[in-house]
Amino acid sequence: MQLTFIDRSEQRYVVVADRGMSVMQAAVENLVPGILGDCGGACACATCHVHVDPEWMDLAGPPSEIEAQLLDGVLDLRPTSRLACQIVVNDSLDGLVVHLPESQI
Amino acid sequence: MSTVTVIVGAGQAGCDLATALRQHGYAGRIVLIGEEDAPPYRRPPLSKTYLSGDTAEEALYIRPRAAYDKQDIELRTGVRVTAIDRAAHTVTLGNDESIRYDKLALTTGGRPRRLPLAGADKPNVHYVRTLADINRLREQFRPGRRLVIIGGGYIGLEAASVGIKKELQVTLVEALPRLLARVTGPELSGYYDGVHRRHGVDIRLGAGVEALEGGERVESVVLQDGTRLPADLVIVGIGLVPNTELAEQAGLEVDNGIVVDLYAQTSDPDIVAAGDCTNHDNGFLGRRVRLESVPNASEQARVAAASICGKRVPHAGVPWFWSDQYDLKLQMVGLSQGHDRVVIRGSMEADSFAAFYLKDGVVIAVDTVNRPQDFMLGKKMVAARLVVDPAALADESVALKSLAA
């Protein structure tokens, strides 16, 4: 599965992820800067905030209740905001594009 | 010859430090050395879903082994560093191999404080820090067994919660008059006391342990008041001792942790340190502190990596912590010690509330249970050192967001 991360300066990071891995893990393993994942994917910290590209929003789906509550406190919250640790890579997400916010904390 | 950074300790801090070096564009050789056999893994689930058997070992790995090769990080596991020679800029490994470094990072973590009693080394006495600890514990963690937990901190309470889930008979002994005494206020202690009792934990407060009795195995835990608690197994969770011996032997400044500044720099300009093993200057708190926490380890590791790369990034994050017990998600931000007022928002009875700790009107810490949104807003309040009207904080008809802005 291929994932693309685009930062605020339009720099693109294209990474290959395995099925079943979270988008946060894929970012961290491939040294994509700006995704911290401090709680290790426990949905406890909101330091892996991304803006899902609008074209992918339907496939990525909406945040869960707990995730939405955490997102409520992030910087630069948008309708496309998700926590990358809660998006699990599957076949339908091959090619997924997400945008990185300015800052996680 | 390219430069070499050696990282001693392959836990969360060591792993994050290695990664952050590459993210900063560090092109030299990176050697990450850990004494455990497994590649760097996440410890928080050890006392939670790994103990319960709901998480597999591989799922704890921060990244698969192959990912280290990909980043050109030499991961050496199952080997100890036995000495540091600062003058020669070398470390010596347990197999007598010696590795030269230009920069050295100490991310040596800590080890569980041992119970200073005879019998504490028997095969049914357990500690909670490593995969090996839990693998050994899990074999004895069976329904119906009588589990005595010594220590009412996070480790003890999380173990109690898993014990109940796995249908053990759980007794928890705490020497102080309340649970979580070191890390939170009496309100939260009282709340968690109620939660655990409701789930069937037999809690003994103000109960010092006098002796461990038995033959080959501990058969009962004897309290100072003479009470004998029969035990099939015992878990000890009475704190962490920072691993500072290497630093001490190398003549670095050590004082309840390896002493580092705001930039994770030790008293030697070529040595940084990060994580549970450090006594560090925290820019937010404005004082020295030693923290046992993953978020702190990760942040400080990034700071240390920046220092190695010649960048000055201060370590100034607001400390935060989390703990999962039963179906309760506890998230804490800030350090509540020294507060002069507590405001509860929400309902303890409904297991959904936030406790705000104020000092001179300033929000210095927030503990939330099942309220991630309040946690996130609380984080902002604490970071901003916000002065908030206590009445408004307690009033759920006032949106917290309007107060955090």
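Reader: What area is buried between chain B and chain A?
Author: About 2100 Å² in this predicted model. Carbon and sulfur atoms give 54% of that area.

Reader: How many residues does the contact take from each chain?
Author: Chain B puts in 24 residues and chain A puts in 21 residues.

Reader: Which residues in chain B lose the most area to chain A?
Author: Those are B:Gln23, B:Arg302 and B:Met376. Together they make up 22% of what the chain B side buries.

Reader: ok, and salt bridges? How many between the two chains?
Author: The count between chain B and chain A is 1 salt bridge. The side chains of B:Lys401 and A:Asp72 meet in a salt bridge, at 3.2 Å from N to O.

Reader: How many residue pairs are in polar contact there?
Author: Between chain B and chain A, 9 residue pairs are in polar contact, with both residues at pLDDT 80 or more.

Reader: Which helices and strands of chain B supply at least two residues to that side?
Author: Helices α1 (12–23), α8 (294–308) and α9 (372–383) each do, and so do strands β22 (320–325) and β23 (328–334). The largest share, 6 residues, comes from α9(B).

Reader: How do the residues on that side divide into nonpolar, polar and charged?
Author: On the side of chain B that touches chain A, 8 are nonpolar, 6 are polar and 10 are charged.

Reader: New topic. How many residues has the largest nonpolar core?
Author: It has 61 residues. Those with the most contacts inside this core are A:Leu3, A:Phe5, B:Phe356, B:Met381 and B:Leu393.

Reader: What is A:Phe5 in contact with?
Author: Leaving aside neighbours within four places in sequence, A:Phe5 is in contact with A:Gln11, A:Arg12, A:Tyr13, A:Val15, A:Val23, A:Ala27, A:Val32, A:Val98 and A:Leu100.

Reader: And the second core, which residues does it include?
Author: This separate core has 45 residues, among them B:Phe141, B:Val162, B:Leu172 and B:Tyr191. As a general point, nonpolar side chains tend to be buried together in soluble globular proteins.

Reader: Last one, B:Ser189. Where does B:Ser189 lie?
Author: B:Ser189 lies in helix α6 of chain B, which covers residues 186–198.

Reader: Buried or exposed, and why is B:Ser189 put in that class?
Author: B:Ser189 counts as buried because its relative accessible area is 2%, and the cut-off for buried is under 20%.

Reader: What does its side chain make a polar contact with?
Author: The side chain of B:Ser189 makes a polar contact with the side chain of B:Arg178, at 2.6 Å. Not counting residues up to four places away in sequence, B:Ser189 touches B:Arg178, B:Leu179, B:Leu180 and B:Thr184.

How values were computed. Residues numbered from 1 in each chain as written. Chains lettered and ligands numbered in written order. Predicted model: local features only at pLDDT ≥ 70, side-chain atom pairs only at ≥ 80, totals over all residues. Heavy atoms only, no water. Helix = DSSP H or I, 4+ residues; strand = E, 2+ residues; numbered from the N terminus. Buried < 20%, exposed > 50% of the residue type's maximum accessible area, 1.4 Å probe, protein only. Polar contact = N/O pair within 3.5 Å; in protein donor to acceptor, adjacent residues only side chain to side chain. Contact = heavy atoms within 4.5 Å. Buried area = accessible area lost by both parts, 1.4 Å probe. Salt bridge = Lys/Arg side-chain N within 4 Å of Asp/Glu carboxyl O. Nonpolar A, V, L, I, M, F, W, Y, C, P; charged D, E, K, R; others polar. Core = buried A, V, L, I, M, F, W, Y, C linked by side-chain atoms within 4.5 Å.
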